[in-house]
Amino acid sequence: MGNKIIQGKSTEEWKKQFPLLNRITSMEQLFWVNSRGEKFEDAIKKISLKEEDVKDAEKRLKRFAPYISKVFPETQKEKGIIESPVVKISDMQNNIEKMFHEKVPGRMLLKCDNALAVSGSIKARGGIYEVLKYAENLATQNNMLKETDDYSAFDSHEFRKFFSQYSIAVASTGNLGLSIGIISAKLGFKVYVHMSADARQWKKDLLRSRGVTVIEYKEDYSRAIVEARKQSLLDPNMYFVDDENSRDLFLGYSVAACRLKNQLEKIHVQVDEDHPLFVYLPCGVGGGPGGVAFGLKLVFKDNVHCFFAEPTHSPCMLLGLMTGLHDKICVQDFGIDGITEADGLAVARASKFVGKTMENLISGCYTVEDETLYMLLKSMVDLEDISLEPSALAGISGPVQLFGNESGKKYIEDNNLKNKLNDACHISWATGGSMVPKDIMKSYYERAEDISNKKAFFS
Ligand SMILES: *Cc1c(COP(=O)(O)O)cnc(C)c1O
């Protein structure tokens with residue numbers, strides 16, 4: 001790859017401009033601070049999405065709550081609002097301190113999107129929201145219902161028959177397909193999920209059992225999305241959920257922030273000038289972490305610091321943000337293979353929409369090795385009795401990587417955070433896991449045991 005030309009420059013020239021590329025292409029665990037980061041008030045002026053857009057999404061989800069509560073009885077307790085708990089993980093905090101030889105001052109919490117109802121991952125936010133919005137548009141345009149009506153009406157033969165004239169297509173490494181597939185089929189749509197090679201068999205099986213058409217590819221996610229887009233262009237009654245560019249997905253994710261604010265108040269976690277909040281979000285194409293981070297910045301402004309976590313073998317958002325090239329490059333351009341067992345994060349090319357929207361609001365990115373994800377997976381089971389899928393562990397090492405890297409330490413200094421750290425809160429976003437079948441979870445755990453034994457043997 002020595003003399004390969006990427007966007008007009010050789011790899012060597014890129015490495016000269018961004019020395020960190022040497023370590024990124026060696027697929028090391030590393031921490032990067034965003035030099036384009038700006039004060040919230042400055043950054044928000046350049047963004048077309050506004051607080052009203054998030055409020056609008058929140059209201060739409062409230063309108064649909066009676067329907068959700070009816071068709072997904074597991075949401076009845078929360079009255080049809082799909083939300084996850086936030087829990088303290090002090091044993092895990094101690095554990096990562098030992099594992100990485102690094103102190104983590106402040107308290108550490110886990111945002112349990114692994115436990116989100118309906119589809120068991122962060123995709124239950126954006127994916128379900130986008131389909132609901134599409135269904136609402138169709139229903140109101142066809143005079144079947146008004147915004148002030150009871151949305152339980154969506155659970156009727158009449159509505160399902162109406163929606164069966166329309167179809168929905170999406171490309172997915174797995175979890176987005178689950179959320180879009182489940183909600184679309186429930187509403188009565190025909191639904192096509194185009195799945196990349198990384199997608200796990202059980203996810204395909206589950207979708208097929210719900211009446212979803214699954215189309216499989218031997219290639220990665222980029223191929224699946226091209227094919228899904230192509231299919232939808234051929235059919236005027238087919239709606240394409242565009243994971244790379246969708247504002248609706250993004251807004252669905254962003255609603256998490258105001259709900260988290262209420263949850264933190266309930267457990268007396270302060271977030272203000274003297275009590276900084278650090279949030280670590282596993283990142284694939286960028287919509288999930290981007291949307292959540294956008295919402296968090298609107299709520300907590302400069303008092304929240306958002307970091308994205310990616311596998312060392314597919315750091316697409318890091319590459320896109322650092323070079324400013326966003327979707328013009330993919331990890332393979334720099335000789336990185338894109339192969340990771342964190343299937344939710346196995347994305348080679350980042351969303352330009354998310355990169356451009358968030359480029360001045362994100363504090364930084366860091367990368368995690370698959371083996372570290374597995375070790376954390378095991379500790380999370382052993383110490384906290386929480387089962388997560390590999391991708392969802394990427395947020396856990398955030399605090400130790402922040403404090404353990406020179407660039408992270410400089411970020412703390414530059415933002416005058418040093419003497420506030422004992423009053424800080426760190427939230428790792430656990431993005432998925434509760435839908436993983438028991439035997440698969442067991443195989444993850446066994447893989448983690450093998451890795452731990454190997455590490456113990458060689459150390
Ligand atoms: C999709 C997913 C992510 C990342 O979301 P993107 O929108 O692709 O960035 C993280 N973790 C899990 C488990 C996911 O399924």
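**Notes for all views.** The model is predicted: local features need pLDDT of at least 70 and side-chain atom pairs count only at pLDDT 80 or more, while totals for chains, interfaces and linings use all residues. Residues are numbered from 1 along each chain as its sequence is written, and side-chain values use heavy atoms, with hydrogens and water left out.

**View 1. The shell of residues around the ligand.** There are 15 residues around the ligand, and Lys123, Asn175, Gly286, Gly288 and Thr431 come nearest. Helices (H or I, at least four residues) and strands (E, at least two) are DSSP runs, numbered from the N terminus. The shell consists of five nonpolar, eight polar and two charged residues. Here Ala, Val, Leu, Ile, Met, Phe, Trp, Tyr, Cys and Pro count as nonpolar, Asp, Glu, Lys and Arg as charged, and the others, Gly among them, as polar.

View 2. An N or O atom in the side chain of Asn175 is 2.7 Å from an oxygen atom of the ligand. Taken alone the ligand exposes 380 Å², and the protein buries 98% of that. These areas come from the Shrake-Rupley method with a 1.4 Å probe.

**View 3. The largest cavity.** The ligand takes up the space of the largest cavity, which has a volume of about 240 Å³. On a 1 Å grid over the protein atoms alone, a cavity is a set of points where a 1.4 Å probe fits but cannot get out; lining residues have an atom within 4 Å of a point. A molecule sits in a cavity if more than half of its atoms lie within 2 Å of its grid points. Grid points are joined across faces, edges and corners, and a volume is the space filled by probe spheres set on the points. The lining has 24 residues, with Lys123, Gly284, Val285, Gly344 and Leu345 nearest the centre. Helix α13 gives the most to this lining, with three residues. By class, the lining has 10 nonpolar, 11 polar and three charged residues.

**View 4. The largest pocket.** The volume of the largest pocket is about 590 Å³. A pocket is an open set of grid points with protein on both sides within 12 Å along at least five of seven lines. It is lined by 26 residues, and Lys39, His305, Tyr411, Asp414 and Asn415 are the closest to its centre. Both β11 (304-311) and α18 (406-414) supply at least two residues of the lining, and α18 gives the most, with four. The lining divides into seven nonpolar, 10 polar and nine charged residues.

**View 5. The second largest pocket.** This pocket holds about 400 Å³ of space. Among its 14 lining residues, Glu78, Glu83, Arg259, Gln263 and Lys266 lie nearest the centre. Helix α12 gives the most to the lining, with four residues.

Definitions and conventions:
A residue is near a molecule or strand if one of its heavy atoms lies within 4 Å of it. A polar contact is a pair of N or O atoms within 3.5 Å; within protein, one must be able to donate a hydrogen and the other to accept it, and residues adjacent in sequence count only if both atoms are side-chain atoms.
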